[in-house]
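Look at the sequence and the structure first, then read on.

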Amino acid sequence: MKRFLGILFAAVLLSGAFAQTMNVAWPYKVPPEGHFNSMAKNAINLGIYIDLMVPPLATYHWADGTYEGIAAESFGFDSDGNYTVTLKKGHTWSDGTAINADDLLTTFNAKYLTGATVWNNLEDVVKVDDMTAKFVMKEPSVATERLILTENLRPTSVFGDIASRTAALRSAGKDKDSEEVKALLNELTEFRPSEYVSGGPFVMDVNSITDANIKLLKNEGGIGSDTTAFSDVTVWNGETETVFPIVVGGQLWYATHGFSPVQEEALVKAGLDIIRNPYYSGPALYFNQTNPLFANPVFRQAVAYAIDRDENGFVSLGESGVAVEYMTGVSDNLIGAYLDQDTLDSMNTYDFDLDKAAELMTSLGYAKGSDGIWEKDGKKLSFEMIFPAEYADWSAAAENAAQALNAFGIEIKAKGVQFQQQRQDVYDGNFEIAIRNWGTSSPFPYRSYLQPYDRYNGQGELAGEGKGGGMHYDPNITYSGGAVNVLDLANEAGKGADTAKIKALVKQLAVSFNETLPIVPLWERFGNNPLNRSKVDAPPASDPIFLNSGTDHFMPYMIITGKVKPAK
């Protein structure tokens, strides 16, 4: 009997040990293409789960508009209008080096090289004491505050040399267009550390990396290592079609992938909870505007009228694909906080209207041929639309949009491309029409406008990505409000703390976007994220934490802070 109880007790302990693992998913590239330089493309950053290894300074809570420190102990504006951040004491990186103020300088000096937006309003970052740094701003800015606080801390032991040389060049008056800074950017892009040095609660086990998954082990001494309820995290690799059977089979306990309505039904039948959190973004049609027709806003307006966005959203994500209404380039859930009701009511909602679409095409001099395809001067309209093949929701959106445009008389061939390559093709301008995101998960609208006007228009997102000019959109436009440069307006809307001024700039951006449609938003994504509550003890779906999105995503935050635990 005693032997039986001993075996039973050991089994309970063993099952408890296994229950300490958290199973999540994110697509990644394995070495040698995948690497450990978190500031260059193809890094094995694991998407939102980068926070588990290089923690953000703070997390923004969308429900009440407050920040909670993660790596930061305290933060705020000085009396002189600058910003100070003090890090939490007593923590170390996985290579044994101390986490301190030097890492703040390293992080932001290195980000200067990558063209980080935060430097549009930063003049310098200086060390105050061992744990504190001051961010010298051109002017106080709540948007800059967010960019500082949601940045992931990087280790000086890895990036310190490049960062310090960057700071020296900047102090010498060398800007991002100088040959010296470009050379350092290239050095950063090509840099390949031998390991992923972690300052968060978990560290990547580089020997565990396979095509199937990666193991993140407990990083004792890292920030959050004393609050997380898990001993390790398994990150499964792959896009929707790969991870779906793993979720249904019970090996994967939470996933952010865009599951189809049929897949969602199977997840519900498997007993999984569906979290429908707002993403504040979704898919849009991007046009390579080296084509003069694509550069004409009348054509883009015709395309908008020719697609039934309600249908497009439903076939893509069921209840979680909600058609964009106001067509401002910003989430319908966010824009109302910046625009008055009269302005909202004046927006063209581009409701599905084939007659209106045909009227616009006729105004451009096009007529339908005997085969029903629009043509002009004997040339029929025929284009290729690329989409990320592994994204089930965007794939469905592309196929439906292609069908709608073909039915309207614009011949479209929808082509799936490997998801990282498809994004790079857009950065490189190697496309005709493409599905990429409109909007982004930020409470500040200017960040949404920087998606078409900056990221997909030549900048890219990480070091070395933006080399091909993107969609080649001319930001100098004329609309009912006059002649403006929308990129300048977007950057200006990210400056200052004057709410009235910011709202006025957002109004110009929203109205000009609505009138000219530089891109055509389709629908806003709400999560249909399966959560296996038999494995994971998490707050109820009604909890306000689930309003968090993007860089403030609730799952890595809850893993770090212990607000999600192994199920009892």
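Q: How many salt bridges does the structure hold?
A: This is a predicted model, and the count is taken from its atoms. A pair is counted when a side-chain nitrogen of Lys or Arg lies within 4 Å of a carboxyl oxygen of Asp or Glu. By that rule, the number of salt bridges in the structure is 23.

Q: What is the N to O distance in the salt bridge of lysine 134 and aspartate 80?
A: Lysine 134 belongs to strand β7, while aspartate 80 sits in the loop between β4 and β5. The two are 54 residues apart, and the pair links distant parts of the chain. Their side chains meet in a salt bridge, with an N to O distance of 3.5 Å.

Q: Is lysine 134 buried, partly exposed or exposed?
A: Buried means under 20% relative accessible area and exposed means over 50%, with partly exposed in between. The relative accessible area of lysine 134 is 22%. Lysine 134 is therefore partly exposed.

Q: Which strands hold aspartate 232 and lysine 215?
A: Aspartate 232 and lysine 215 form a salt bridge, with their closest N and O atoms 3.4 Å apart. The partners are 17 residues apart and link distant parts of the chain. Aspartate 232 is in strand β10, and lysine 215 is in strand β9.

Q: Is aspartate 232 buried or exposed?
A: The cut-off for buried is under 20% relative accessible area. Aspartate 232 has 11% relative accessibility, so aspartate 232 counts as buried.

Q: Which helix holds both glutamate 265 and lysine 269?
A: The side chains of glutamate 265 and lysine 269 meet in a salt bridge of 3.6 Å, N to O. Glutamate 265 counts as partly exposed at 44% relative accessibility, whereas lysine 269 is exposed at 69%. The two residues are 4 residues apart, about one turn of the helix, and both lie in helix α7.

Q: With which residues is glutamine 424 in contact, leaving aside its neighbours within four places in sequence?
A: Glutamine 424 has its place in helix α14, residues 419-427. At 13% relative accessibility, glutamine 424 counts as buried. Beyond those sequence neighbours, the contacts of glutamine 424 are Lys41 and Glu465.

Q: What radius of gyration does the chain have?
A: The chain has 568 residues, and a compact globule with that number would have a radius of gyration near 24 Å. The value for the chain agrees with this, because the chain has 24 Å.

Q: What percentage of the residues of the chain count as buried?
A: The chain is built with 18 helices and 26 strands. Its C-alpha atoms fill a box of roughly 85 × 65 × 45 Å along the principal axes. Of the 568 residues, the part that counts as buried is 58%.

Q: How far apart do the centres of the positive and negative side chains lie?
A: The chain has 46 positive and 71 negative side chains.

Key
Residues numbered from 1 in each chain as written. Predicted model: local features only at pLDDT ≥ 70, side-chain atom pairs only at ≥ 80, totals over all residues. Heavy atoms only, no water. Rg over C-alpha atoms; globule rule 2.2 N^0.38 Å. Buried < 20%, exposed > 50% of the residue type's maximum accessible area, 1.4 Å probe, protein only. Lys, Arg positive; Asp, Glu negative; His and termini not counted. Charge placed at Lys NZ, Arg CZ, Asp CG, Glu CD. Contact = heavy atoms within 4.5 Å.
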